[in-house]
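Dear colleague,

Here is the structure I said I would pass on. My notes follow below it.

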Amino acid sequence: MIGILLLIPLITAVLCYFAKSRKCIEYINLVSAAVLAIVSLFPISTSLSTPIFFLENMLFMDALSSYIMSILIFVSFVAAIYSVDYMGHEFDEGMINIKELRYFYALLHLFIFTMTLSIASNNIVILWMAIEGTTVVSSLLVGFYKDRASVEAAWKYIILCTVSLIFGLFGIFIVYYASAAVSGGEGTLNWTELRDIAHSMNPKTMKLALIFILVGFGAKAGFAPIHNWLPDAHSQAPTPISALLSGVLIKCAFLGIIRFVILGNESLGTSYCGRLLLIFGLLSMGIATAFILLQNNYKRLLAYSSIEHIGIIAIGMGIGGFWGIYGSLLHMLNHSIVKPLLFFTTGWVRLKYHTTEIDKVKGAITVLPVAGTVMLLGVFALAGSPPFNIFLSEYTILKAAVDKGNWVTFSLFILFATITFGGVIRHFGSMAFGKPSIAISLSACCRTAQAGHEKEKWGEHRMSLIIIIVMAVIMLVLGLYIPGFLNEMLNNSVKVITGD
Amino acid sequence: MKNWFDLLYVIDFISVGILLTAVVMNALKRLESCVRAYIFNSWFLSILIFFVAVKTGNPHLYVAASLTLATKGILMPIFLSKMVRQIKATHFVEPYLSNSLSLTIAGILVAIVYTSLREGILVTGFSVHILKISIAVILIGLFIMITRRKAITQVLGLLFMENGLFLAGFSLTFGMPIIVELGILFDMLMGVIILGVFIVQIRRNFSSVDLDSLTTLHD
Amino acid sequence: MENLQFVIIIIFSPLIQGIIKKFKAGLQGRVGAGILQPYYDIIRLLKKEMVLSSVTSWIFKVTPYIVFSSTIVAAMMVPVITTKSSFSIMGDVIALIYIFALGKFFMALAALDAGTAFGGEGSSREMIVSILVEPMIMLCIFTVAITAGSTNIARIAEPQGFIFTPSHVLALLAFMIAIIADTGRVPVDNPDTHLELTMIHEGMLLEYSGKYLALMEWSYYMKQMLLFTLAADMFFPAGIAHNIETSSLIVSSGVYSLKILFMAGIMAIVESTRAKMRFFQLPSLLGGSFVLAVLSLLTFIMIGR
């Protein structure tokens, strides 16, 4: 079952690369996304209770990976649908040609393949290889537009992430060495086996290994101070890819960190890793808050917000205990709903206004009624206001902090979250309200002159608008109540992490 | 045969050779010489794995040695030379620090690695030396990456780091499953090819490969 | 008898210089002067009248004697063909370096004393080169001394055979560069000319004439041969005698001449294949070989051999 899950995006990538017409590529893309979503239900539901293995134990899925996998499948599904409209629009306007379109879709599915591989891997080196693979493939996507800014962003991304991952691999080697020292001969590279012997692995060696792994995988996840590539890469990539990068990739890297933290907790006790994660989390939140206030580019703002939220996730994991981990995992899901939603809506803003500067965008609600409103709702959700989902997970994490008596974390968290709230709402509010900027109202004028054309245009982009509305509804629902199956997934995942 | 090895400390010599090529890289002024230093480093690495294979009699180390030679010793240099020719670079490395200063700092880095790893990792046998050398090579590679201005020399620094990492993995694990080594090599190969693609694009967009010109994105 | 082994250095050093020059000439396609030419030069200089500058002080007159005698003392300390001479007790390598430094110090002072621009230039350049070279030599010596367990040259030279370990090879490379710098050969300085560009060693000798010049030149030849001997003792001491039996002494002399000829050959080849470096590039070369020496010491500490 895992094999099919991996094969689908791979085959799609190949097919998309060789397809001939635009319609053909888009159909392949949509069909594959749907098939992937349906097929993935089987392994996800089975592995909730018992782990499933594949390929000589090199790949496996347990409750934790099935949870992250479902996040991946959901975001790639909506991103695939959205790209049809978005890239189609760019294709129609002549900004990209058919060869680039083919290239985009092939790389998109290849990217999904590498992320799936990283979630489903048991062998820690295959995990590393998959994450390095995501770096390589997504850097091509970041540099997709081939202009100055994109090329610079892609270069920074690939260099910083590859260098950090080299340190991460060194940490992996140390873990392997520790496992070999336990058995006195051959060590093991499979995570399940490592977890079984983790309590007898040498603590000093594990400490050293964990530092390297946290730095290495942490750079990929977006921890400050090694986050420099993230604003550039996430803002220069095409919009559906930004959604995937912010929504899934940093969570995949964080999954890698969680796996090793589980090993570390067995060997060292929970305080060491917890403290490190808290430090990184608070640092990320702080730095992101500072930069959010100074932003003038809304895509970069969203990227910094991703850094902040991965900081929150790290804080949740660092606080530990049932509710801390539960809140952190829930936050992963919530962020993966809100952030792609925001990227999608601001993607429309970009297509209409042809700029990414906050100053130049005004009156988004009047120009884009549906997308603009959803954008505003999404921004409130992102900033953490009730009744949306992010508020719920942040509240859970804060409650866990109070329960553990972690007052410093609690106060810093509230401080940063408040400042960010103000900053984000101010920036996006100025974009949403006000008179539409002159250039746009002119083109809006021209479009109303061809009223029929307008309606047709709304009809064309119907699919992505539906997606946006659906995501907004989910966002609201999850803020009010957590459905049973989600609760069960979360409980099982927490059990995996705390090792019951 | 084995006595001859031990008498002439062949493995020690080769590992010192690996370190030396990394340190010497700091002192080189021309791009072609830097690429040549990398070639020597990779060949030394493959020969080292080969000799350890002979000494321990482990058959899949032979495969590992030939794989390393094929990717790092042959394919990568071909790609690098092609890239150097393609971007028609001015042939001088432009470092931020003078050559003697960076050479000195490289020496200091080696000293730091040696002294700080006296206890710590509890590796036994002769692989302790190789581990220390590999960490030194990783640090020197990182140092080269930070202090050079041209994009190609950053790639070279990355390649040195990767060589050091490979050596470190080898000394810590003595041969992981072959598929793993294959995968790592493949990944890095892909990474470097992509980097090459981007260097060409940097050149096209900025009409120079000087990384100081990459300042469009900032806050 | 064995106490007189330093006489070998005194007598044969001009011959070695002549051989190097002849070899260089052959490599460069010339016939060149004969190998006994330095002897004729020394004899000729001894017979000539001396011309001294009027502004010089006693330092100028005393220096040639100091340099000559210090070099002879150094020659007494180094085991040439046997390690068992009565002077071997005082053969400490660090003391040897300081004796060389004494000679260099006085040469530099004397050149300044003459009050000419060339003298000052030679002195300052020589001092800069020394600053860079002496630590390098020290480090090479430390590496070798740690292996042998003592800084006494005789004891360092005791093990038979090659000491072919990575740290020693690196130290040997650094030491060869140090010899090139100390004897003022290409690429550090050109010993054949008296041009302004190439006057590190020659600049300091410029004001000397007659007997003084003969002594200074002879000291230079002796120092060169001594450095070769030192390298041979520290890095490939095979074949040196450890007792005073005649048979082993004869074998040792034969091996010794081979080693010295080999090193002379290497010098000639290096000189003929390299161009002289500009002075301000010298710190990079010497700095690089200093790092080499540091690496050799670190390698020894790390690997243990």
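Which residues do ring pairs link into a cluster? They are A:Tyr103, A:Phe104, A:Tyr105, A:Phe144 and A:Tyr145. Rings of Phe, Tyr and Trp (its six-membered ring) pair if their centres lie within 6.5 Å; planes under 30 degrees apart count as stacked, over 60 as edge-to-face and the rest as tilted.

This is a predicted model, in which local features need pLDDT of at least 70 and side-chain atom pairs count only at pLDDT 80 or more, while totals for chains, interfaces and linings use all residues. Residues are numbered from 1 along each chain as its sequence is written, chains are lettered from A in the order in which they are written, and side-chain values use heavy atoms, without hydrogens and water.

By the ring rule there are 33 aromatic pairs over all chains. A:Tyr82 and A:Phe344 form a stacked one, at 4.1 Å centre to centre with 20 degrees between the planes. A:Tyr82 lies in α3 and A:Phe344 in α13 of chain A, 262 residues apart (helices are DSSP runs of H or I, at least four residues, numbered from the N terminus). Both A:Tyr82 and A:Phe344 are buried (under 20% relative accessible area, 1.4 Å probe, protein chains only).

As for chains C and B, 16 residues of chain C contact 19 of chain B (heavy atoms within 4.5 Å). The buried area is about 1,600 Å², with 84% from carbon and sulfur atoms; this is the accessible area (1.4 Å probe) that the two parts lose on being put together, summed over both. On the side of chain C that touches chain B, α11(C) gives the largest share, 10 residues.

Regards

Technical notes:
Helices (H or I, at least four residues) and strands (E, at least two) are DSSP runs, numbered from the N terminus. Buried means under 20% relative accessible area, exposed over 50%, partly exposed in between (1.4 Å probe, protein chains only).
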